[in-house]
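Have the structure open as you read.

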Amino acid sequence: MNAIRRRTFLKQFGLSAASLPFLMGLPSLGLASPARPRQRLVIMFSPNGTIPNAFWPEETGNDFKLKEIMEPLEAFKDRMLVLHGLSNRVRGDGDNHMRGMSCLLTGIELFPGNIMGGSDTPAGWASGISIDQELKNYFQSREDTRTRFGSLEIGVGVTDRADPWTRMSYAGPNKPIAPISDPYQMYEKLYGQIKDKESLQSVLDDVQADLKKVRKLISAEDRRLLEEHESLVRQMEKEIKDSANQKLRVSPPALEEGIADQNDNVPRLSRMQIDLLVNSFVNDMARVATLQYTKSVGQAKMNWLNISDGHHSLSHEPDKNEEAVAKLTKINKWFAGELRYLVEKLASTPEPGDSGTLLDNTLVIWTNELGKGNSHTLDNIPFLAIGGGFGFEMGRSLQMEKVPHNRFYLSLAHAVGHRIETFGKPQLCENGPLSLG
């Protein structure tokens, strides 16, 4: 029942508004709000900029044509939102690759640090939370949207290095989150059984008891540290309980065995990770995910495309190098093909317990840390959204003028009911969220 009908009901029966919260849960009165449809977000990343002339549609509005890079996505054109003109306006320490990557989802400056990039100013980690983690925390704060993991950080071909070029998800200031690049490790995270749960629970019980014993013997400062330890123990206990209570709607996917986490296996690793991601959504293990292909300044060699050059080195070639432009177009078109595989899987998978498909309630965003590789520009960063569930009017190509990408993230937050006034750097949130409905 909507708000107007509720007010009419109260008026007709001479009831006070104060009684409504107590009456809404009575099924026979029909006052309870309908359950909000599931909303999921996937942010897919590919590095080193795009080829603008082969990526951005010339037309705006509903009647637009896809350029070569986006041709693999033609079947989903009516479910697509092309956002031309979003820019990373964050400045400060670090080079554009560093800020492009670690400010991409945070929208706020990097801390000063000692990691030297291609500029004269070294930098550290991002100084704020990323939008994926902001929405994850919001979902996890509500009983009706809480899931076992909240979010999944998935990598494909991401190296073991840890620096601002390799991290885009942040749990908070100075708290980068490493993506899991090995699908077997991701499988274990999602479906692995905790061995000897009873023994582990017994150990945790002993630890909890011991921590209580020493509480009165230590200083106030140490007690704060002790509380952090106790919080960790409680989290581990919750993980044990949640893993025991998790009821799978569908079985885990069967992964091909023996695929090493190496450059030439990226195509197979990609499909394995996407299969795990979609399966985790069916089993409602998370409502937010990031899918990170390689990294900023990534030198992956797309040998499966008969391209032996390093991706980053190619992206530095001048526009007049037609061979390099053709190779970069082919590389970005391959990424679009992986996006198509993800979207097709979502579109062909029924929404559990409801009508429609996973894609109806999932928004997939494809983005990059740079607008163009050889200029290192942070303007006109590729932002392409496909799917549904956020109330945006899809099937459009929009043209904006250097709009801070912070405002797009505000739109995402507001679309799920998280009515924050700013995200990232407050000064870049003027005029509020974009109007995309």
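## A covered helix

A residue is called buried when under 20% of its relative accessible area is left, exposed when over 50% is, and partly exposed in between, using a 1.4 Å probe and protein chains only. Helices (H or I, at least four residues) and strands (E, at least two) are DSSP runs, numbered from the N terminus. This is a predicted model, where local features need pLDDT of at least 70 and side-chain atom pairs count only at pLDDT 80 or more, while totals for chains, interfaces and linings use all residues. Residues are numbered from 1 along each chain as its sequence is written, and side-chain values use heavy atoms, with hydrogens and water left out.

Now find helix α12, residues 405-415: 10 of its 11 residues are buried. Among them are His405, Phe408, Tyr409 and Leu412. The buried residues of α12 pack against β1 (40-45), β2 (80-87), α5 (131-140), β5 (362-367), β6 (383-387) and β7 (396-404), where contact means heavy atoms within 4.5 Å. After α12 comes Gly417, which has a positive phi, near 95°.

## A strand with neighbours

Why is β1 described as largely enclosed by the rest of the structure? Six of its six residues are buried, so the rest of the structure largely encloses β1. Arg40, Val42 and Met44 cover one side, and Leu41, Ile43 and Phe45 the other; all are buried.

Strands pair if DSSP finds at least two bridges between them. β1 runs parallel to β5, joined by six bridges, and Arg40 has Thr362 as its bridge partner in β5. β1 also runs parallel to β4 (residues 286-293), with five bridges; there, Phe45 is partnered with Gln292.

On a 1 Å grid over the protein atoms alone, a cavity is a set of points where a 1.4 Å probe fits but cannot get out, and a pocket is an open set with protein on both sides within 12 Å along at least five of seven lines; lining residues have an atom within 4 Å of a point. Grid points are joined across faces, edges and corners, and a volume is the space filled by probe spheres set on the points.

The largest pocket has a volume of about 330 Å³, and of its 20 lining residues, Gly157, Val158, Thr159, Asp160 and Ser181 are the closest to its centre.
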